[in-house]
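Hi,

Here is the structure I promised to pass on. Have a look at it first, and then read my notes below.

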Amino acid sequence: MKKILSLVLMLAILLSVTSVFATSTDAVGGMEANWWVDADVQKSDEFYVDGDLNVKMVGIHYNQYPTTFDGGYYFPTIEKMTGVHFDIDWRTSDGYAVVVSTILAGGLDNLPDVIQPGAFGIAGLADEGAIIPLDDYLDLIPNVVAAVGEDRMDNWRSADGHIYAIPTIVNVPGSQSMTYRKDWALKLKEMGVIDFETPETWEQWKAFWYGVRDNDVNGNGDNADEIPLVLEMGESGERALHALLNAFGIKASDDAQFCVLDDGTYTMVYDHPNYKNFLTEVQKLYADGIIDPEFVTRKQADMYNTMSANICASCFTWAQMSQTHTEELWAMGVEDALFECCAPITGPNGDSWLQERRAVTRLNCITAKAEADGKVEDILKFFNWQFSEEGIMLYNYGIEGLTYNVVEGVPTLNLEIVKNGFTDYRTIGMECEPFGGLWETNAFMQCLFAGETLENLNAAYKSFWNGLNSEGVNKGHYYPMPPTLETEAYIEYRGELIIGSAGICTLRDQCVAGQLSVDDFFAKYEELKGRGLQEVIDEGNEAYQLIR
Amino acid sequence: MSTVAKKTKDTVFNSSSMRKRVFNNIWLNRYIYMMVVPVLIYMVLFKYLPMYFLRASLYDFKLLKGFEGSKFVGLKWFERMLSSPELWRYIRNTLTLNSLSLLICFPMPMIFALLLNEVRNKPYKKIVQTVSYMPHFISTVVLVSMINNILSPSLGTLAKIYKLLGKTPINFLSNPDYFYGINIVSGVWQTVGWNAIIYISAISSIDQTLYEAARIDGANRWKQTLYITIPGVLPTFVLLLIMQIGQMLNCVFDKIYLLQNTLNLQVSEMLPTYIYKVGIESQKYGLATAGGLFNSVLSVILVLIANSISKKVSEISLF
């Protein structure tokens, strides 16, 4: 018996070890595995480095990619075209700040040539002297400067006025949308609970939510398992409730902490004249069982679980999730299910806003090590090539003849690649988001339509299209987000006074959950101002006026 | 003059013969000393060498710039930490959880070992022992995921049971009243089997003739446990207790950290998690070092107090 058991264990271990060396042979998007290896790719006339350039980089691997994802065709083709070899250490976003700290602790020699700041922050890296400002090198990257554009320079600059990173640019206004179960709304209408199909006013939204709460709309015999409004906590809890915040006319920054008042003052959202009303209403919604009871712990994946589990009535998420979860529910036999993307929640004063996708995101920083090794100019020239027409084509469409063809002057992706929307397109390595680049609207729209015309899309896909397309349901609702300015005071106090256990986000959640009254919340906010939050506000306002 | 010279000569002679004796002793027991080497290396590398960096608590320490490039700030971080109105709440939370743990979790392995010792059916005993060890090998991340999956009020197993019983599910994870309970129960489940090993080993080293003599004297199983087994494991218990008291200001960091959310932070924020968040996550390494040093000093004081109390009460002590 013991011998058999040990033999089985040994085989299991051997099997797991061999799996490490296995390579994927799966064909994705109609492309065979390693299809790019023999591709006929010519050296670039615009940029080819003399003598090979080896660039070490540390970056963040997003969770929509497989953990073993190495960029597919992208990096080997870059090397063929430009002679630049990237040696990238991909890390997950969880604990990335600690990874950066460890790299810094190893000293200058331990630094890569290019580093993504992630949660460590550009200001933190600059403060350490780990990265170099690019202001004096802008003439080496004219394509990048042109791609950012004059009117978006303030998104590129840091709070100290310097430019530190090569950006990634997405010229598409939205990516997320409010979505709700249209089939449940129809059911409630049939039952006479509501008299509309799509909630459009604050009163209608509330009627829909309360209707869901009080009725067994998913028909499983339990009329208490549906969650009227599922909310996601975000990375560190700062962003929780932001969809509702917008409904109260508070046009917040990406982390839902800062806003610009009508008089142009940059401040924290808690100083917005509507914030008290927002907090009072939201507290009531929580007490009434409308707001997700797990809003402080629910991560993105948990939110998707509620969508698949047929208990989510409405949420704010990636528009694509409306399609995938509707189709998932269809596959489970919930044939009339439909997550319908709709305009953002309209608040009591008629406000209905949605954060515009940040077009320019600061991503890749050049380190002091690259400077010490004399590599800065070549690396910047490479990034300039990446933003050239040739570089943009490779990033968006891959290799001509293999992944796309030019039809009537328009680069057209192979149908097989886009038939699953963005999924196969990204799995192949296109729009290699972790590395960054310039994502063209045309490529984006081809993925969005999945090779179909709008008329032929199924209801799930139509919903997705409606949520994402700039001409869809969110048209006219987008607002440009004010930045979160990483000033000295912000860096000094964020951990303690914003997201810390006594920080303002904790107090906000405690207030929503009824552990703290609205008046007590504001009293404690004033206390936090005295402990340093006022400095954060003042320095932020000063920097905002400077970069604006 | 000559007396002094003689004394010096004697001292030199004595110290050289002493050195020889020590060396001979080491050579004689070289294999045992070799077993100590890895532990020594570990202690030096990870416990003593880092002490050099304690001075980071006096700097606005920058990792890349080192001490030379970092600004000297004196006692700024200590002042900042000690003036934080929440510090004492974090200490109180840490002490509360550890006191509960000391009261409930700590004696459990000994009780479990004593109970296991009374099981006469050997195969059954082995199965129970093995099964009880298993949770120890589950990583904390997995354990916390299990806790979340069981306790989630929307999709959790317990919520389903509550609904079957016609009751409204409780949001255990976001209610501060349940935080310590969740920690203690999951802690007992995960550690009781593994921590019982040391007591099982202590029980097995008790002289069997004592039990024979007791049986001849007419002592039943309960009396044998009370007068032989428990006194036999008591020194182990006391030594572990003193060491545990030294850990009163620490916690199972990853578990606490992963179970924290904004609605339970008033009881779940502990000194180590606060130091990690404010120090490491926010890149204030000076503050993190000051916090760590403060924590260590308090821990040493606690160990000294526990040791002297134990010495007086039971004559068992670490030093």
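This is a predicted model: local features need pLDDT of at least 70, side-chain atom pairs count only at pLDDT 80 or more; totals for chains, interfaces and linings use all residues.

To start you off: which way do Phe339(A), Glu340(A), Cys341(A) and Cys342(A) point from S9(A), and are they buried or exposed? Phe339(A) and Cys341(A) go one way, while Glu340(A) and Cys342(A) go the other, and all of them are buried.

S9(A) belongs to an open sheet of three strands, ordered S8-S5-S9 and paired antiparallel. The edges are S8 (314–318) and S9 (339–342) of chain A, each pairing on one side only. On average, neighbouring strands here are turned by 40° against each other, if you ignore direction. Helix H12 (residues 319–331) of chain A packs on this sheet and touches S5, S8 and S9 of chain A. The direction of H12 makes about 165° with that of S9(A).

Now for the pairings themselves. S5 of chain A (residues 176–181) pairs with S8(A) in the antiparallel sense over five bridges. Look for Gln176(A), whose bridge partner in S8(A) is Trp318(A). With S9(A), S5(A) is again antiparallel, over four bridges. There, Tyr180(A) has Glu340(A) as its bridge partner, and Glu340(A) is one of the buried residues from the opening question.

**Domains**

Chain A splits into domain 1 (53–167 + 362–402), domain 2 (176–353 + 475–479) and domain 3 (488–547). The C-alpha centres of domain 1 and domain 3 of chain A are separated by 32 Å. Even so, seven residues of domain 1 of chain A are in contact with four residues of domain 3 of chain A. By class, the domain 1 side of that contact has two nonpolar, three polar and two charged residues.

Chain B has domain 1 (1–53) and domain 2 (83–314), with C-alpha centres 39 Å apart.

**Where the chains meet**

How many residues of chain A are in contact with chain B? There are 34 of them, facing 25 residues of chain B. The elements giving two or more residues to the chain A side are helices H3 (96–105), H4 (122–128), H11 (300–308), H20 (488–498) and H21 (504–512) of chain A. H3(A) supplies the largest share, five residues. By class, this side of chain A has 14 nonpolar, 14 polar and six charged residues.

Over to you!

Terms used
Residues are numbered from 1 along each chain as its sequence is written. Chains are lettered from A and ligands numbered from 1 in the order in which they are written. Two strands pair if DSSP finds at least two bridges between them. Axes are lines fitted to C-alpha atoms, for helices over the stretch in contact, and angles run from 0 to 180 degrees between N-to-C directions. Two residues are in contact if their C-beta atoms, placed from the backbone, lie within 7 Å. Domain bounds come from an automatic or database domain assignment. A residue is buried if 20 or more other C-beta atoms lie within 10 Å of its own, exposed if 12 or fewer, and partly exposed in between; C-beta atoms are placed from the backbone. Ala, Val, Leu, Ile, Met, Phe, Trp, Tyr, Cys and Pro count as nonpolar, Asp, Glu, Lys and Arg as charged, and the others, Gly among them, as polar.
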